[in-house]
Amino acid sequence: MGSQGVTGGNAVGSMFGRIAGVYDFLNHFLSLGIDRNWRRELALLACPGQSGIIADVASGTLDVALALLNAHPDATIPAIDFCPRMLHIGQKKINTPQKRQRILPCAGDALGLPLSDSCVGSLTMAFGIRNIRERVTAFKEMLRVLEPGGKACILEFGSGQEKIWGGLYNLYLERILPAVGALVARDAAAYSYLAATIRAFPAAEALACEMEVAGFENIGYRKLTSGIVCLHWGFKPS
């Protein structure tokens with residue numbers, strides 16, 4: 001779950017830095033391990049394109065970058081995040097020559113990616129777009145770096161404005177997530193913030209409209225795990 005491009009700047013970046021050490025454990029624990037399947041689905045949706053490059057934005061501790069490499073062994077994967085500590089922890093996972101050659105961690109922000117125009121075949125972002133208030137600006141930045149016909153693939157939680165599992169998901173966001181964050185990460189504020197961003201996030205149809213406004217075409221989405229998360233995609237016009 002990425003920390004990229006958040007609105008709120010240094011304060012939110014500091015928050016992700018504080019929880020970086022327990023981030024992977026809590027991701028797996030709170031999702032009962034299903035998050036690995038979600039990332040695998042995201043990776044399979046991406047395509048290296050003509051450039052052979054898949055950029056992972058909000059790369060966090062590099063779990064998505066590793067899933068991308070597993071799905072596309074010949075791809076080059078810039079792994080971009082604005083929280084240095086998250087990337088530092090993730091670099092411990094780059095422990096083979098192939099991983100070191102193919103996964104390229106890089107500090108950067110989703111609203112100003114450190115990439116050239118039209119240079120990547122796909123761009124992925126997992127659990128980062130909801131942290132960005134200026135989403136249309138972020139989508140336009142994705143379009144800038146994608147090659148013509150390239151694909152943006154976004155994995156994000158379902159909107160907390162919808163009643164999922166008869167409202168149990170909403171109860172989980174309001175009570176369980178902050179409580180576990182307080183117990184394990186000793187940072188209730190961080191996990192209360194994360195829960196609040198999910199509750200405020202728009203429904204899948206609304207996010208698709210935002211992507212269309214930004215300039216994507218052939219936009220679609222697929223709900224996973226009863227809508228707890230959703231895979232979104234859109235293509236840069238050829």
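I take helices (H or I, at least four residues) and strands (E, at least two) as DSSP runs, numbered from the N terminus. This is a predicted model, so I kept local features only at pLDDT of at least 70 and side-chain atom pairs only at pLDDT 80 or more, while totals for chains, interfaces and linings use all residues. Residues are numbered from 1 along each chain as its sequence is written, and side-chain values use heavy atoms, with hydrogens and water left out.

Histidine 72. I found histidine 72 in the loop between α3 (63-71) and β2. Histidine 72 counts as buried because its relative accessibility is 14% (buried means under 20% relative accessible area, with a 1.4 Å probe and protein chains only). The histidine 72 side chain comes to 3.2 Å from the backbone oxygen of alanine 46. Beyond neighbours within four places in sequence, histidine 72 is in contact (heavy atoms within 4.5 Å) with Ala43, Ala46, Pro48 and Ile54.

Aspartate 81. I located aspartate 81 in strand β2 (residues 77-81). Aspartate 81 is buried without a salt bridge (a side-chain nitrogen of Lys or Arg within 4 Å of a carboxyl oxygen of Asp or Glu). The nearest side chain of opposite charge, arginine 39, is 11 Å away (Lys and Arg count as positive, Asp and Glu as negative; His and the chain ends are not counted). What does the side chain of aspartate 81 reach at 2.9 Å? I read off the backbone nitrogen of cysteine 83. A polar atom of the aspartate 81 side chain also lies 2.8 Å from the backbone nitrogen of glycine 60.

How values were computed:
Buried means under 20% relative accessible area, exposed over 50%, partly exposed in between (1.4 Å probe, protein chains only). A polar contact is a pair of N or O atoms within 3.5 Å; within protein, one must be able to donate a hydrogen and the other to accept it, and residues adjacent in sequence count only if both atoms are side-chain atoms.
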